[in-house]
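Thank you all for making time this morning.

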Amino acid sequence: ATKPIRVTGDKDMPMTDESFDHVVCLETLEYIEKPPVAMFEIARVLRKGGTLLLSTPFAHAPDQPHDRWRFTQEELSGLLRGVRLNPVKVVAQGGRFAGYAHRLKSLASRHPYKLIRWSGAMVLLLPVELFMFLDRLLRRWPGMSDAPTGYLAIATKPL
């Protein structure tokens, strides 16, 4: 027998409790008006022993009017624990140079004319690739990962 959907807000997921062994939520939480409610819903539909894979941006410029939130490593861990999920890992993604690469790509992608966006992207391709190479090479050096581009979290629901 399936359990009824619990009503906790205006955007409940239309799934029954404990419906999924795994939930993947990538680069989405920043657009949601009430992240704790969304996290509650994710925890609700996740089976006991199930796994959540979650990623959020951090040192990224907002890319939509609805882009509302940035979470630190501690905030993300607290959000997971607040809905009774056990954070297995919350790790930084990208470092200082990946952030520079993102900013360069953003410059080209925001121009109102497609031809300029495309040609700007072509001109910036080499510097962006250089920054990404430097990010992979230098990320472990002190001070190079103090502004990660985002976080990746793996959490489990207790049995």
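Let me begin with a definition: a residue is called buried when its relative accessible area is under 20%, exposed when it is over 50%, and partly exposed in between, using a 1.4 Å probe and protein chains only. What you see is a predicted model, in which local features need pLDDT of at least 70 and side-chain atom pairs count only at pLDDT 80 or more, while totals for chains, interfaces and linings use all residues. Residues are numbered from 1 along each chain as its sequence is written, and side-chain values use heavy atoms, with hydrogens and water left out.

First, the fold. The chain has four helices and four strands, where helices (H or I, at least four residues) and strands (E, at least two) are DSSP runs numbered from the N terminus. Read from the N terminus on, the order of these elements is β-α-β-α-β-α-α-β. Of the 159 residues, 33% are buried. If we call two residues in contact when they have heavy atoms within 4.5 Å, then among contacts between residues at least 6 apart in sequence, 78% join residues at least 24 apart.

The four strands form an open sheet in the order E1-E2-E4-E3, with mixed pairing, and two strands are said to pair if DSSP finds at least two bridges between them. Strand E1 (20-26) and strand E3 (86-93) are the edge strands, each pairing on one side only. As a reminder, strands of a sheet pair through backbone hydrogen bonds, either parallel or antiparallel. E3 and strand E4 (residues 150-156) run antiparallel and are joined by seven bridges, one of which involves Asn-86, whose bridge partner in E4 is Thr-156.

Now the helices that lie against this sheet. H1 lies across E1 and E2 and runs at about 145 degrees to E2, where axes are lines fitted to C-alpha atoms, for helices over the stretch in contact, and angles run from 0 to 180 degrees between N-to-C directions. Helix H2 (residues 73-82) also packs on the sheet, touching E2, E3 and E4, and its direction makes about 155 degrees with that of E3.

Which residues does Met-39 touch, if we set aside those up to four places away in sequence? Met-39 lies in helix H1 (residues 35-45), and it touches Leu-29, Leu-52, Leu-54, Leu-79, Leu-80 and Val-83. Met-39 counts as buried because its relative accessibility is 0%.

Beyond its neighbours within four places in sequence, Ser-55 is in contact with residues including Cys-25, Glu-27, Gln-93 and Tyr-151. Glu-27 itself is found in the loop between E1 and H1, and has a positive phi of about 50 degrees although it is not a glycine.

Finally, the charged side chains. A salt bridge here is a side-chain nitrogen of Lys or Arg within 4 Å of a carboxyl oxygen of Asp or Glu, and a search of the whole structure finds six. In one of them, the side chains of Lys-157 and Glu-18 meet at 3.9 Å, N to O. Lys-157 lies in the segment after E4 and Glu-18 in the segment before E1, so this pair ties together parts that are 139 residues apart in sequence. Lys-157 is buried, with a relative accessible area of 15%, whereas Glu-18 is partly exposed, because its relative accessible area is 25%. Glu-18 also has a positive phi of about 55 degrees, although it is not a glycine.

Within helix H1, Arg-44 forms a salt bridge with Glu-41, the closest N and O atoms being 2.9 Å apart; the two lie three residues apart, about one turn of the helix. Arg-44 counts as buried at 4% relative accessibility, and Glu-41 is buried too, with a relative accessible area of 2%. Asp-67 and Arg-70 meet in another salt bridge, at 2.6 Å, N to O. Salt bridges that share partners also join Asp-17, Glu-41 and Arg-44 into one network.
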